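Here are some notes to read alongside the coordinates.

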Amino acid sequence: MGAVYLAKDRNLGDAPRAVKEMVEAHLDPAQHEKAIGDFKRESLLLTSLEHPSIPTIYDYFYDEPLGRFYLVMKFISGGDLASRLRSAPGGRIDEKTVADWGMQTADVLEYLHSRPKPIIYRDLKPANLMIDGNSGRVMLIDFGIARWVKREEKGVTAVGTMGYAPPELLAAELSRASDVYSLGATLFHLLTGADPQDNPLLIFDFQKNPRPRQIAPSISSEMEQILMRSVEYKPEDRFHSAGALRDALAIHLEK
């Protein structure tokens, strides 16, 4: 359980901060230890990262009497992409904007995947991407289930959001290609307005379901190819890295 508060940093001229609070309601001792461990892990993970699309972490602390853990981070003033999509005309975002957002997101995923100890984000979706109201940059938020990996792993806990999570996550297999799939699903949702959660197991089976341009004819054939390759059923059939997807989107944007 958690909440995020808007706070003022009294030591730095009342600069705005986002304070993430985890409330340990109704947890048994084992769950309590795991919850605290998870939150500390997220804090340590975030403090080690430096990328313009990852919010800066200023502090984290535990309030023992209240049993609450707090993470103090940069306040992002813009809304998330899910709310942008809900308010968009026709329930879709234009291709140029989506390509730009996708390129920025792929860049931060490539950064995470290329760390000495690679990090798989695991829960990419419109609600976890925000637009910084000051810079206009895409910001990747909520690292609650991100995971360090040393190699392609099996047997990890299967977590993510149905529809955006790739098929292999159901078998608890994890790789960089999993994040590529989730970004592809996110871009598909933004461009077509079709929510992958409405048909999570079959929406990207294009033998049985509409291709992107059949749902939204305004999408270019080049973007359709990028989308379809990103959400291929087999990880090896997708873009080989988030960087490759970023570069494909960059070339498309130039054209």
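Before the notes, one term: a residue is called buried when its relative accessible area is under 20%, exposed when over 50%, and partly exposed in between. Please keep in mind that this is a predicted model.

1. **The chain overall.** Its secondary structure comprises 7 helices and 10 strands. The chain has 255 residues, of which 48% count as buried. If you look at contacts between residues at least 6 apart in sequence, 59% of them join residues at least 24 apart.

2. **Helix α1.** With the term above in hand, which residues of α1 are buried? They are A35, I36, F39, E42, S43, L45 and L46. The helix runs over residues 29-47, 19 residues, and spans 27 Å between its first and last C-alpha, close to the 27 Å expected at 1.5 Å a residue. As background, an α-helix has 3.6 residues a turn, so residues three or four places apart point the same way.

3. **Helix α7 on its own.** This helix covers residues 242-254 and has 13 residues. Its end-to-end C-alpha distance is 18 Å, close to the 18 Å expected at 1.5 Å a residue. At its start, a side-chain oxygen of S241 comes to within 3.4 Å of the backbone nitrogen of G243. Buried in α7 are A242, G243, A244, L245, A248, L249 and H252. Among the elements that cover these buried residues are α3 (95-113), α4 (176-192) and α6 (221-230).

4. **α7 against α3.** The axes of these two helices are 8 Å apart, and the packing angle is about 155°. Angles over 145 degrees count as roughly antiparallel, and α3 and α7 are therefore roughly antiparallel to each other. Their crossing is left-handed. On the α3 side, the contact involves E95, K96, A99, D100, G102, M103, A106, D107, L109, E110 and H113. From α7 come A242, G243, R246, L249, A250, H252 and L253.

5. **α7 against α6.** Here the packing angle is about 170° and the axes lie 10 Å apart. That makes α6 roughly antiparallel to α7. The residues that meet are E222, M223, I226 and S230 of α6 and L245, A248, L249 and H252 of α7.

6. Leaving aside neighbours within four places in sequence, R238 touches P166, P167, E168, A177, S178, V180, Y181, R229, S230, E232 and Y233.

7. **Two backbone angles to look at.** Most residues other than glycine have a negative phi. D14 is not a glycine, yet its phi is positive, at about 60°. D14 lies in the loop between β1 (2-9) and β2 (15-23), and at 37% relative accessibility it counts as partly exposed. R122 also has a positive phi, near 80°. R122 belongs to the loop between β5 (119-120) and β6 (129-131). With a relative accessible area of 9%, R122 is buried.

Note on methods
Residues numbered from 1 in each chain as written. Predicted model: local features only at pLDDT ≥ 70, side-chain atom pairs only at ≥ 80, totals over all residues. Heavy atoms only, no water. Helix = DSSP H or I, 4+ residues; strand = E, 2+ residues; numbered from the N terminus. Expected span 1.5 Å × (residues − 1). Buried < 20%, exposed > 50% of the residue type's maximum accessible area, 1.4 Å probe, protein only. Contact = heavy atoms within 4.5 Å. Polar contact = N/O pair within 3.5 Å; in protein donor to acceptor, adjacent residues only side chain to side chain. Axes fitted to C-alpha atoms, helices over the stretch in contact; angles between N-to-C directions. Parallel < 35°, antiparallel > 145°, perpendicular 65-115°, else oblique. Left-handed = near helix turned anticlockwise from the far one by under 90°.
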